[in-house]
Every structure is written in structure tokens, then in C-alpha cells.
Amino acid sequence: MKIPISWLNELVTLPKERRVLTDALTSAGHMLDKVETVDGETVIDLELRGNRADCYSLIGIAREVSAIFGTKVKYPPAIALTKVAKLKNLSPRVATPLVKRVGMVEIRNVKITKSPDWLIKKLAIYGIASVNNIVDL
């Protein structure tokens, strides 16, 4: 899994030396595959084990770093959604008694435009080309 150091640093305080971070993650069982630089950004590539699905995201790795170094995770702010009893334009039909609950979100007034530069850069680090704001999200 590719992990941009600057992005990880937004979520958790990192040691000053990259080697201390990578050695600690390796000691915790996450083998360092390689370190590369993409557009001036340092990216570590970890080989994650199948039994550690909790680390299959950037926040999961931030939690791991937090546990190793005793620091706090700075979670992104949550977005509050408005709860409504019934959506006007949507009417889900469930054809099985096995489904007990359905959740849906209606998004209005969306304009398809070019993605912001910060998102384009983050996608480029992973080798993904930007398409537009909707596809990229």
C-alpha cells in the first residue's frame, strides 16, 4: 500500500527521521517494500498482511503509527447529514425479507468540473489520472 508521508503527517505526528517510522512499521509486521519520490512527494510502499485489514487505509496506518509512538490521530472532520423520513424522488424496493434496513443519500445541485489541485496531486501520487470532480471523489 502506497502511503504519502505528507498525507500521513496530516493525520498523525511522525518521527523526524523517516527511517525511524519505517523501522517501527516493519517491526510491527508491515514490511517496507520500497520508498519512492513522486512529484517531490516521499511515498513509502508497505506490504500489508491479510490479517491486518484494519491497516488497509491511510487512517488505519495512522492508527498504527499512533499506537506505536503513543501519539493521537487527528481525524478528518465529520460531515453532518440531515436525516429525513422519506426522500421525495427515491423509492427503494427491496425484494427479499433478508434486508432489514436501507440507507440512501440524495445529492442535488452538483456541477461536474475539474478537480481541485490538491486532489489531482494526491491521485497522481498513486498513479491515477484525474478525470473530473465526481469521478475523482
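This is a predicted model: local features need pLDDT of at least 70, side-chain atom pairs count only at pLDDT 80 or more; totals for chains, interfaces and linings use all residues.
User: Which residues of helix α4 are buried, and why do they line one face of the helix?

Analyst: Helix α4 spans residues 117-125, and its buried residues are Leu-119, Lys-122, Leu-123 and Ile-125. Viewed down the axis of α4, these buried residues fall within an arc of 155 degrees, so they line one face of the helix.

User: Which residue just after α4 takes a positive phi?

Analyst: The phi angle in question is about 80 degrees. The residue just after α4 that adopts this positive value is Gly-127.

User: Which element gives the largest share of the largest nonpolar core?

Analyst: The largest nonpolar core has 17 residues, and Leu-8, Leu-21, Ile-61 and Val-65 touch the most other members. Two or more residues come from each of α1 (5-11), α2 (18-27), β3 (41-47) and α3 (58-69). The largest share, 4 residues, is that of α3.

User: Which residues does Ile-61 touch, not counting residues up to four places away in sequence?

Analyst: Ile-61 is among the core members that touch the most others. With residues up to four places away in sequence left out, Ile-61 touches Met-1, Ile-3, Leu-8, Leu-46, Leu-48 and Cys-55.

User: How many residues in the lining of the largest pocket are nonpolar?

Analyst: The largest pocket has a volume of about 530 Å³. It is lined by 17 residues, of which Thr-82, Val-84, Leu-87, Met-104 and Val-105 are the closest to its centre. The lining includes 3 polar and 5 charged residues, and its nonpolar residues number 9.

Methods. Residues are numbered from 1 along each chain as its sequence is written. Side-chain values use heavy atoms; hydrogens and water are left out. A nonpolar core is a set of buried Ala, Val, Leu, Ile, Met, Phe, Trp, Tyr and Cys residues joined through side-chain atoms within 4.5 Å. Buried means under 20% relative accessible area, exposed over 50%, partly exposed in between (1.4 Å probe, protein chains only). Contact means heavy atoms within 4.5 Å. The arc is that of the directions from the helix axis to the C-beta atoms. On a 1 Å grid over the protein atoms alone, a cavity is a set of points where a 1.4 Å probe fits but cannot get out, and a pocket is an open set with protein on both sides within 12 Å along at least five of seven lines; lining residues have an atom within 4 Å of a point. Grid points are joined across faces, edges and corners, and a volume is the space filled by probe spheres set on the points. Ala, Val, Leu, Ile, Met, Phe, Trp, Tyr, Cys and Pro count as nonpolar, Asp, Glu, Lys and Arg as charged, and the others, Gly among them, as polar.
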